[in-house]
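Good morning, colleagues. Please look at the sequence and the structure on the screen, and I shall then take you through the spaces inside the model and the packing of its helices.

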Amino acid sequence: MKAVSYVINNHDDFKNSLVDIEKAKPTLKERDVLVKVQTISVNPVDTKVRKNSSEADNRILGWDAVGEIIEVGSKVTSFKVGDSVWYAGDLTRDGSNAEYQAVDERIISLKPTTVSNAEAAALPLTAITAWEMLFDRFQISETEVGSILIIGGAGGVGSIAIQLLKAKTNLTVIATASREETKSWVESLGADHVIDHSKDLNAQIETLGIAKPKYVFSTNHTETYIEQIVSLIAPQGKLGLIDDPQTFDIMPFKTKSISIHWELMFTRSMYETDDIEKQGDLLQQVAQLVDQQKIRSTLNQNLGKINAANLEKAHKLLESGKSKGKIVLGCVDNYRKWIIVAAK
């Protein structure tokens, strides 16, 4: 099968980091389905794996996909050949930058029926990340009142978190954005208040005249906001983060009895946890919310068909920090055109 892999490159010029290859079609495990990949997306995790790996060994990147099941493993019970599915995959296995991908049935679901493959492919990884933080780590209930602060509201995860909160909870959503276009974007997603993360967060929240937020979901640059979060978060609150701060001093949170929550959406698949099937379940619930028009896709820009050259463009856009929402490439049809979606 055709696929895109990468070579180790420690230079800034990116020369020949991604390469077109031929590789054998995946062999299925008993709980796997074989998906003919139709639509994929590119997320920051793709660039991190590419840059931080010590060897490539023809590994295939890609953790967001929509495709059609063409074969099922011996113990698959939830899906059949011909089903159209979406998923974010498993960090320890080959990804979706290929014609075919093997994926565990417990971490996939049927895709939404009311949106295009491109719109659907923009969502799985960010939706899983946001859902698991809000409802698994924070354990927010649908009847709870109060407020939550999302730092990085216009990013891929922040954009879905805002929508999930408005669709499923009564919490007041405060989100950060600094540019006029991102402020408008966050407001359009349903944020109740938008504050500027380049200014003092605590002072802006006080100006809103609402209680200190019980929850703070930091999606990026967490280390630069620690002191402000300590001040603005409510006692006995919860802080969640998904980025990789070089240092993280937990001691300032002690007097307020703040709990700290990490989220990595690959944990369930990497360790095959007892509740691994919850990932498929939540994707099915997200698909229903999409079909009910309570969540919309964050797809934005199209870069063309799948190959090493176009994936390189997508990776560069992600690394520039200038992309907004999901950057979509190409279309899917019977002539095997491909879609690539790059996430902020």
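How many cavities of 30 Å³ or more does a search of the whole structure find? The search finds 1. Please bear in mind throughout that this is a predicted model.

Let me stay with the cavity for a moment. The space in the largest cavity is about 30 Å³. Its lining is formed by G89, D90, R93 and D94, together with Q101, A102, V103 and D104. Sorted by class, that lining holds 4 charged residues, 2 polar ones and 2 nonpolar ones.

The largest pocket holds about 1400 Å³ of space. It is lined by 48 residues, of which P44, K48, T219, N220 and D243 are the closest to its centre. Which elements give two or more residues to this lining? They are α1, α3, which covers 124-137, α4, which covers 156-168, and α10. Helix α1 gives the most, with 6 residues. By class, the lining of the largest pocket comprises 20 polar, 18 nonpolar and 10 charged residues.

Two of these contributors, α1 and α10, also pack against one another. Helix α1 spans residues 44-52 and helix α10 spans residues 308-320; their axes come within 9 Å and cross at roughly 100 degrees. An angle of 65 to 115 degrees counts as roughly perpendicular, and α1 and α10 are therefore roughly perpendicular to each other. On the α1 side, the contact involves P44, D46, T47, R50 and K51, which meet H315, L318 and E319 of α10. By class, this contact has 4 charged, 2 polar and 2 nonpolar residues.

Next, consider helix α3. Its partner is helix α9, residues 278-291; the two pack at an angle of about 105 degrees, with axes 10 Å apart. Here too the helices are therefore roughly perpendicular to each other. From α3, the contact draws on P124, A127, I128, W131 and E132; from α9, on Q279, L282, L283, Q285, V286 and L289. The classes here are 8 nonpolar, 2 polar and 1 charged.

Finally, a word on confidence. The chain has an average pLDDT of 90, and 90% of its residues score at least 70. Thank you for your attention.

Terms used
Residues numbered from 1 in each chain as written. Predicted model: local features only at pLDDT ≥ 70, side-chain atom pairs only at ≥ 80, totals over all residues. Heavy atoms only, no water. 1 Å grid on protein atoms, 1.4 Å probe; cavity = no way out; pocket = protein on both sides within 12 Å on 5 of 7 lines; lining within 4 Å. Points joined across faces, edges and corners; volume = space filled by probe spheres on them. Nonpolar A, V, L, I, M, F, W, Y, C, P; charged D, E, K, R; others polar. pLDDT = per-residue confidence, 0-100. Axes fitted to C-alpha atoms, helices over the stretch in contact; angles between N-to-C directions. Helix = DSSP H or I, 4+ residues; strand = E, 2+ residues; numbered from the N terminus. Parallel < 35°, antiparallel > 145°, perpendicular 65-115°, else oblique. Contact = heavy atoms within 4.5 Å.
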